Amino acid sequence: MKVIYFDNNATTKVADEVFEAMRPYLCDLYGNPSSMHTFGGQVGVKIREAREQVANLLGCHPGEIVFTSCGTESDSAAIHGTLAAVPHKRKVITTRVEHPAVLTVCRDLENRGYEVIELGVDKQGRLDLDELEADLDDDTALVSIMSANNETGTVFPTERIAQMVTDRGIPFHTDAVQIVGKVPLKLSDSPINLLSLSGHKLHAPKGVGVLYIKKGTRLAPFLLGGHQESGRRAGTENVAGIVAIGKACELAADGMEDENTRVKALRDKLEAGILKSCPDSSINGDPDHRLPNTTNISFEYIEGEAILLMLDQFGICASSGSACTSGSLEPSHVLRAMGVPFTAAHGSIRYSLSRYNTEEEVDFTIEKMPQIIERLRALSPFVGQASA
Ligand code: PLP
């Protein structure tokens, strides 16, 4: 059965060009970039090139790029590294809709005596910037707010937020894992101090990420050992992964505009087709400020997991806004923070597209969805009950 992959916010296919670029560094060119010999030295040259490719996509200086193992590591390093650099400050501000890579770290800080403010969002997933402004004070060590939400695709006004925060002399970190490659960035003109990204969300493999550290930002080293990554992140480099993320960034920079126009048109067609043919369905997230590839749709009275299982029978991969924890289906923390009613939050499905999706795949899914929803509603004990 052909797989129709609409789960690109979870992970993406490695682009053929990326695989070809990294292959020699897995097989033949296995030297250590720190070695004195030419065999290792040529690998070092390639890492420099990858750093430039990433910097080019982010619109910053290559010296501001640190390679990591994933988005989670970049987020953790940004938060812990900043707090270690300003140990006398004890307050961190974040949001209730962050990925666990930020939220769990912040909640752990709270257990360790930090004051942690989690800003709420409205029904469309938008932040109240006045609330943020009111919370900034001299004890604030860091503000960490994502650029785009992985579940709903809602895009926050990151530049405005960063300006507001850094005007007060407070460092600002953004988890940009979902937005990099989808929206043009020029970090050299931006007040953002720290930005995380992850290779496997933009057609590079798993196991490589980046932390952008604006020149002059105070950040403690996060892995001590050798001198790699300017002493900030020791450990022999994941050369193939680094070459891969460099190539993926080059591809994203070259094709961004065309690709996103095409992907957005497919997403819009999929969304409109489903909303039209499936009664009691609605979009979660800010329809005016959303990633071009993401739609999160609630289907009242049925469980997302059941929809996913039926989609799976047709080879369609998506994801749901609820997670099966200890036998009960808990709606996601993001949808809960948005106040999405229980019956809608349970039946939410995220479709996240990429450059590899086709119109045929969208048409096929639009055709199958009403059948799936109708069958599940016929079995649902909730049909006819009011939203709670
Ligand atoms: N931040 C966001 C917004 C994400 O969507 C993800 C992954 O889903 C991460 C961080 C973690 O990235 P990684 O899987 O590279 O650790």
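Me: What makes the radius of gyration of this protein agree with that of a compact globule?

Reply: In this predicted model, the radius of gyration is 22 Å. A compact globule of 388 residues would have a value near 21 Å, so the two agree. Along the principal axes, the C-alpha atoms fill a box of roughly 70 × 50 × 40 Å. The protein contains 11 helices and 15 strands.

Me: What share of the contacts with a separation of 6 or more joins residues 24 or more positions apart?

Reply: Such residues account for 73% of those contacts in the protein.

Me: Why is strand 3 called largely enclosed by the rest of the structure?

Reply: A residue is buried when its relative accessible area is under 20%. Five of the five residues of strand 3, residues 91-95, are buried, and the strand is therefore largely enclosed by the rest of the structure.

Me: Which residues show that both faces of strand 3 are covered?

Reply: In a regular strand, side chains alternate between the two faces of the sheet. On one side of strand 3 lie Lys91, Ile93 and Thr95, and on the other lie Val92 and Thr94; all of these are buried.

Me: How do you know that strand 3 pairs with strand 4, and in which direction do they run?

Reply: Pairing requires at least two bridges. Five bridges join strand 3 to strand 4, residues 115-119, and the two run parallel. Within this pair, Lys91 stands opposite Glu115 of strand 4.

Me: What makes strand 9 and strand 12 edge strands?

Reply: Four strands form an open antiparallel sheet in the order 9-10-15-12. Strand 9 (281-284) and strand 12 (319-320) each pair on one side only, as edge strands. Strand 12 is joined to strand 15, residues 348-352, by two bridges, and these strands run antiparallel. Ser320 stands opposite Ile349 in strand 15.

Me: Which residues are in contact with Thr365, leaving aside its neighbours within four places in sequence?

Reply: Thr365 is in contact with Ile4, Phe6, Leu270, Ile316 and Tyr351.

Methods: Residues numbered from 1 in each chain as written. Predicted model: local features only at pLDDT ≥ 70, side-chain atom pairs only at ≥ 80, totals over all residues. Heavy atoms only, no water. Rg over C-alpha atoms; globule rule 2.2 N^0.38 Å. Contact = heavy atoms within 4.5 Å. Buried < 20%, exposed > 50% of the residue type's maximum accessible area, 1.4 Å probe, protein only.
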